[in-house]
Amino acid sequence: MNSRQRLIFQSYKRLWRLAPPALHPRPAGASVLLYHNVDDAPSPYVRRLGVTMTTAEFEAHIRFLAETRTIVPFSRLAEHLDDPKAIAITFDDGYRTIRSVALPILERFGVPFKAYVLAPSESGNAIWLNQLSYLLDTCSSSEVSRLARSAIGSDLPPDWRGDVTPFVEHFIETRTPAAIRDAFEGHRHEAMPDLYLSDEDIRALAEHPLVELGSHTRNHYPLHRVSHETVEAEVVLAHEELTERYGEAIDGFCLPFGYRHHLTENVVRYIRKVDESVVSAYGGRMGAHSVHGVPEIRRIGAWGNLGVLWHQLRYEP
Ligand SMILES: [Zn+2]
């Protein structure tokens, strides 16, 4: 920062402090935080998904939240909607680190949380996103370009940052998962680590007094890009299968990727069959939000460092 920038910054800070409190955005409702993977050494199977935080970061979050907020079970949010200090904690995707790394920390602070898990898929331990992360992390740029053309029928944008977004947003149901699977199987790869909670893990979580569970599809497809039949299979049938396996512990559903533009009227229609609300993930506080006439629970993706969390809780509208 040069001296001119510093002067502007200092004046801005002073003005901000002097401004009447009414001008400061004061978030009103409760917040729901979203985490995925807590892992100090994420494998190539998750590295490009951008969903991992370190154990130290996660522990700092939980310590801070336990000291400064009221952490409530997700199922009790309705009683705390207008309380800006109320927080519920959720995990998506069912990575095994939820039990092996996050749970011991959450137990130590007595913090309740909800985990949304995937139904078992044919691809076993690595769904298409994990295979894609592996390929993006280990292939040459010409191999990745070839993969993009076969999987999404186009080149990657010039400003592409190495993440999975173009494959999600240009997903073609009849092409993308198969092209990624073929490339993955043809590519020499190291032994696959156990990425997801095992059946035994989920049963243990289902019995745990701090834990609530919900469903999160089977294959984590971007639901706005697939056929009605696939939406039904991913949302309704996957939820039913999880309920058969784990009983009433499975309660509710959350949207893969969580973006607003994935919530088409058709997608919401199927979500309505397994949940009373739409649980999304593009930020924002609890409030009177709805999507296609269904109440919406917006969650804040919180897997950054403590400074990012503080900022999100302070300024998230
Ligand atoms: Zn997810």
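Predicted model: local features only at pLDDT ≥ 70, side-chain atom pairs only at ≥ 80, totals over all residues.
Let me open with helix 4. The buried residues of helix 4 are covered by several elements, including strand 2 (37-38), helix 3 (55-68), strand 5 (86-93), strand 6 (113-117) and helix 9 (199-207). Residues are numbered from 1 along each chain as its sequence is written.

Helices (H or I, at least four residues) and strands (E, at least two) are DSSP runs, numbered from the N terminus. A residue is buried if 20 or more other C-beta atoms lie within 10 Å of its own, exposed if 12 or fewer, and partly exposed in between, with C-beta atoms placed from the backbone. Two residues are in contact if their C-beta atoms, placed in that way, lie within 7 Å.

Which residues of helix 4 are buried? They are T97, I98, R99, A102, L103 and L106. Seen down the helix axis, these buried residues fall within an arc of 150 degrees, so they line one face of helix 4; the arc is that of the directions from the helix axis to the C-beta atoms.

Helix 4 covers residues 97-108, and at 1.5 Å a residue its 12 residues should span 16 Å; the end C-alpha atoms are 16 Å apart, which agrees. The expected span is 1.5 Å times one less than the number of residues. Just after helix 4, G110 takes a positive phi of about 65 degrees.

Strand 5, one of the elements covering helix 4, also contains D93. D93 is not a glycine, yet its phi is positive, at about 90 degrees. Is D93 buried or exposed? D93 is buried, with 26 other C-beta atoms within 10 Å.

I turn now to the chain as a whole. The chain has 12 helices and 12 strands. For 317 residues, a compact globule would have a radius of gyration near 20 Å, and the value of 21 Å for the chain agrees. That radius is taken over C-alpha atoms, and the globule rule is 2.2 Å times the number of residues to the power 0.38. Along the principal axes, the C-alpha atoms fill a box of roughly 60 × 55 × 40 Å. Of the 317 residues, 38% are buried. Among contacts with a separation of 6 or more, 70% are between residues 24 or more positions apart.

The next topic is a pair of helices. The axes of helix 6 (residues 141-152) and helix 8 (residues 176-186) come within 7 Å and cross at roughly 145 degrees. Here axes are lines fitted to C-alpha atoms, for helices over the stretch in contact, and angles run from 0 to 180 degrees between N-to-C directions. From helix 6, L147, S150, A151 and I152 meet T176, A179, I180 and A183 of helix 8. By class, this contact has 6 nonpolar, 2 polar and no charged residues. Ala, Val, Leu, Ile, Met, Phe, Trp, Tyr, Cys and Pro count as nonpolar, Asp, Glu, Lys and Arg as charged, and the others, Gly among them, as polar.

In helix 8, the buried residues are T176, P177, A179, I180 and A183. Their arc around the axis is only 165 degrees, which puts them on the same side of helix 8. What covers them includes helix 5 (128-138), helix 6 and helix 7 (165-169). E185 and G186, on the other side of helix 8, are exposed.

S215 lies in strand 7 and is buried, with 27 other C-beta atoms within 10 Å. Beyond four places in sequence, S215 touches Y116, V117, A119, A238, H239, L242, I250, F253 and V274.

H220 has a positive phi near 55 degrees and counts as partly exposed, with 19 C-beta neighbours inside 10 Å. H224 is partly exposed with 18 such neighbours. Leaving aside neighbours within four places in sequence, H224 is in contact with H261, H262, T264 and V267.
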